[in-house]
Amino acid sequence: MTAETIAAGAAEARPAGGPEARPMDLLRFATAGSVDDGKSTLIGRLLYDTKSLFTDQLAAVEAVSAARGDEYTNLALLTDGLRAEREQGITIDVAYRYFATPRRKFIIADTPGHIQYTRNMVTGASTADLALILVDARKGLVEQSRRHAFLCSLLRVPHLVLCVNKMDLVDYSQEVFERIADEFTAFAAKLDAPDLTVVPISALKGDNIVTRSENMPWYEGPSLLHHLERVHIASDRNLVDVRFPVQYVIRPQSTTVTDYRGYAGQVASGVLKPGDEVMVLPSGFTSRISSVETADGPVGEAFPPMSVTVRLADEIDISRGDMICRPNNAPAVSQDIEAMVCWMDETRPLRVGGKYAVKHTTRSARAIVRALHYRLDINTLHRDEAAGELKLNEIGRVRLRTTVPLLADEYRRNRTTGGFVIIDETTNRTVGAGMIVEAG
Amino acid sequence: MTAPARSYQVSHLDALEAESIFVMREVVAEMERPVLLFSGGKDSIVMLRLAQKAFAPANIPFPVMHVDTGHNFPEVLEYRDQRVTELGLHLIVASVPEALANGTVRESADGMRNRIQTPVLLEAVEKHRFDALFGGARRDEEKARAKERVFSFRDEFGQWDPKNQRPELWSLYNGRHHPGESIRVFPLSNWTELDVWHYIARERIPLPSIYYAHEREVIERDGMLYAVNEFFRPRAGEERFKARVRYRTVGDASCTAAVRSDADTVEKVIEEVAATRITERGATRGDDRVSEAAMEDRKREGYF
Ligand SMILES: Nc1nc2c(ncn2[C@@H]2O[C@H](COP(=O)(O)OP(=O)(O)OP(=O)(O)O)[C@@H](O)[C@H]2O)c(=O)[nH]1
Ligand SMILES: [Mg+2]
């Protein structure tokens with residue numbers, strides 16, 4: 001596709017009116033990378049160049065920029081909306097923004113690069129289909145770029161895009177770009193990052209954002225938007241392993257609907273159909289799906305991310321936190337959990353012997369840290385087996401013992417049934433993110 | 001992973017609906033005393049529809065609450081009461097005029113009741129011991145809202161601390177809190193104004209008539225059209241005229257403006273919203289114009 005045709009596409013980027021002409025799919029992406037590498041500016045630029053901005057938003061940002069004496073309109077102000085963020089010129093917490101092109105709808109999580117706010121970056125990346133990792137072309141890879149790339153791989157964000165930004169400040173040099181791209185590719189190989197694309201950009205000037213840049217004729221790949229619109233995400237979902245965490249039991253107390261019992265939840269993975277043999281965990285009882293329902297009537301099948309109500313042929317005791325799966329394909333039922341944990345609490349570190357609450361799918365339990373096998377050095381990926389604790393933003397491998405069994409899969413196979421959060425029982429704050437490596 | 005032959009795709013609207021239903025069920029499963037804030041505005045109307053869907057065939061398992069500033073559009077009050085009767089809901093009204101009469105709040109100098117509605121809301125929350133409040137706020141509405149979690153923690157003073165929000169990973173929402181604290185829950189976080197209208201069309205959801213184009217006597221102030229009514233008095237020199245307008249948002253009648261419009265059907269509104277170049281709050285809300293961080297400041301104090 002030539003630059004001209006891409007530009008024409010962008011000009012009509014705002015979705016056409018009329019009730020949903022055709023179903024559009026949704027791509028969730030997050031930004032990542034070190035402080036000041038241009039993440040928020042890039043998001044501002046994407047919104048601006050796809051004509052997704054409203055005149056009052058732009059006017060407000062122009063006015064603030066002018067009042068501060070900026071030389072140009074600071075597009076980062078479009079997402080840096082908090083008073084403290086504007087005062088300090090950094091992003092503190094995730095901003096969510098939305099835009100659509102005729103091809104796709106996008107949910108953007110613009111995350112902070114500052115190390116102090118890593119947990120907010122993790123928040124934004126946990127649900128992303130794709131992460132844009134920005135690197136300042138002048139500085140190359142820094143520790144925080146590696147940390148964020150590592151976190152994206154740990155969170156198993158299925159698609160990564162390395163954006164070598166501020167190309168305008170290095171004379172759009174192919175050599176600089178290739179050096180950074182090579183270094184990053186070598187690092188990413190160690191992470192087993194699933195899918196990596198590399199794009200040279202200038203967020204400030206708009207090079208290779210929506211249209212291909214004339215300043216970098218040596219670059220033959222697509223513009224960033226072109227890639228975002230076409231990256232194939234449908235097969236990222238797990239449609240093989242049936243996992244239906246029971247969220248809520250619907251039992252109407254009504255005179256018109258009697259004897260109704262339905263298990264409400266969101267399909268985590270797999271496809272459920274009436275007639276399927278199923279097993280309920282942790283009890284292990286088996287039954288058959290009699291119907292899969294929504295408020296609009298029965299459906300022939302349910303798959304992620306549908307929220308449905310499943311009804312079974314037999315009366316068995318099922319409550320919130322149980323899991324419906326298949327007799328020959330079930331998660332582990334285990335109180336012993338091996339996991340990678342990212343610690344997010346600044347006040348108290350994770351230590352062996354510590355007791356916490358955990359939330360995993362729709363199940364809650366208490367847990368004790370039985371072992372800390374090692375702490376990871378983000379730069380070298382070296383495992384420090386002598387580590388005695390995990391402090392804020394540190395990542396390590398732990399073993400937990402839980403009060404009740406978790407119905408768990410490996411995180412790398414299932415982002416929903418493999419992830420959990422750790423909650424401090426005294427402050428009630430979410431203090432850790434866990435990714436299950438092994439259960440049982 | 002080997003993908004089965006068919007694609008198993010859902011539309012973005014179905015994905016949003018599924019996410020919102022999941023959020024509502026989480027709240028009912030984990031919290032003790034949820035309540036849904038129902039103003040009769042389009043977002044709270046969509047939220048109510050999602051609540052119906054989340055728990056069908058059972059009834060909606062929580063009450064609804066209206067923070068009544070006393071400056072209402074009659075069409076909206078009528079709609080509210082009709083909906084409440086139809087669905088057999090329990091309606092709680094937290095009344096600003098009552099609080100003014102009791103002396104618990106005082107009218108602000110400019111007559112706007114946006115700010116004083118916060119203490120009235122917080123008092124009702126305390127009185128009924130609600131621990132989860134569903135709000136229809138969307139992240140696309142405003143830059144402070146763009147920062148907020150789906151489960152947004154509030155301390156015992158109802159305050160939001162934007163610099164210290166709980167991490168929120170995957171769809172694992174943390175609703176734990178101590179007595180007196182509460183969680184604001186925003187099931188429509190990821191919806192845009194256009195998504196809401198597409199959904200209203202798809203679900204054929206009736207709305208208060210003021211969302212569609214009609215004739216109204218208005219004045220123009222700060223580039224916005226305000227309806228002349230018992231709560232909104234023109235100043236000297238402001239000229240009254242008739243215009244064809246509709247409301248994009250419904251808030252306090254003394255500070256919500258209308259926009260010029262010919263869109264008298266849901267299809268026409270969708271076309272209009274898709275083509276508009278101004279955000280809904282920018283076009284209609286006098287209360288956001290006070291300062292660049294007006295919304296953040298109000299939210300910190302406990303506003304929705
Ligand atoms: N010359 C040039 N400057 C840029 C470019 N992209 C961003 N900048 C500038 O770099 C500075 C930081 O940009 P931000 O977008 O705020 O950086 P960020 O990555 O969002 O920072 P944090 O969110 O705080 O981590 C701003 O002054 C931008 O104008 C670019 O492509 N070229
Ligand atoms: Mg930023």
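**Cavity, ligand and backbone**

Biologist: What's the volume of the largest cavity?

Modeller: It's about 710 Å³. A cavity is a set of points on a 1 Å grid over the protein atoms alone where a 1.4 Å probe fits but cannot get out. Volume is the space filled by probe spheres set on those points, which are joined across faces, edges and corners.

Biologist: How many cavities of 30 Å³ or more are there?

Modeller: The structure holds 6 of that size. This is a predicted model: local features need pLDDT of at least 70 and side-chain atom pairs 80 or more, while totals for chains, interfaces and linings use all residues. Residues are numbered from 1 along each chain as written, chains are lettered from A and ligands numbered from 1 in written order, and side-chain values use heavy atoms, without hydrogens or water.

Biologist: Back to the largest cavity. Which residues lie nearest its centre?

Modeller: S39(B), Q117(B), V250(B), G251(B) and R285(B). They belong to a lining of 36 residues, each with an atom within 4 Å of a point.

Biologist: And which elements give two or more residues to that lining?

Modeller: In chain B, they are α2 (42-55), β2 (64-68), α3 (74-87), α5 (117-128) and α8 (280-284). β2(B) gives the most, 4 residues. Helices (H or I, at least four residues) and strands (E, at least two) are DSSP runs numbered from the N terminus.

Biologist: How do the lining residues divide by class?

Modeller: There are 13 nonpolar, 14 polar and 9 charged residues in the lining of the largest cavity. Asp, Glu, Lys and Arg count as charged; Ala, Val, Leu, Ile, Met, Phe, Trp, Tyr, Cys and Pro as nonpolar; the rest as polar.

Biologist: New topic. What comes nearest to ligand 1?

Modeller: K39(A), S40(A), T41(A), T91(A) and D168(A), out of 21 residues around ligand 1. To count, a residue needs a heavy atom within 4 Å. Helix α2 (residues 39-49) of chain A gives the most to this shell, with 3 residues. By class, the shell has 8 nonpolar, 8 polar and 5 charged residues.

Biologist: Now the backbone. Where are the cis peptide bonds you'd point to?

Modeller: One runs from P304(A) to P305(A), with omega near 5°. P305(A) sits in the loop between β12 (297-299) and β13 (307-312) of chain A. Another joins A56(B) and P57(B), with omega about 5°. P57(B) is in the loop between α2 and β2 of chain B.

Biologist: What about phi of L381(A)?

Modeller: Phi there is near 65°, a positive value in a residue other than glycine. L381(A) lies between β18 (363-376) and β19 (383-384) of chain A, in a loop.

Biologist: What confidence does the predictor give the complex?

Modeller: An ipTM of 0.93 and a pTM of 0.93. In chain B, mean pLDDT (confidence per residue, from 0 to 100) is 90, and 96% of residues reach 70 or more.

Conventions. On a 1 Å grid over the protein atoms alone, a cavity is a set of points where a 1.4 Å probe fits but cannot get out, and a pocket is an open set with protein on both sides within 12 Å along at least five of seven lines; lining residues have an atom within 4 Å of a point. pLDDT is the predictor's confidence in each residue, from 0 to 100.
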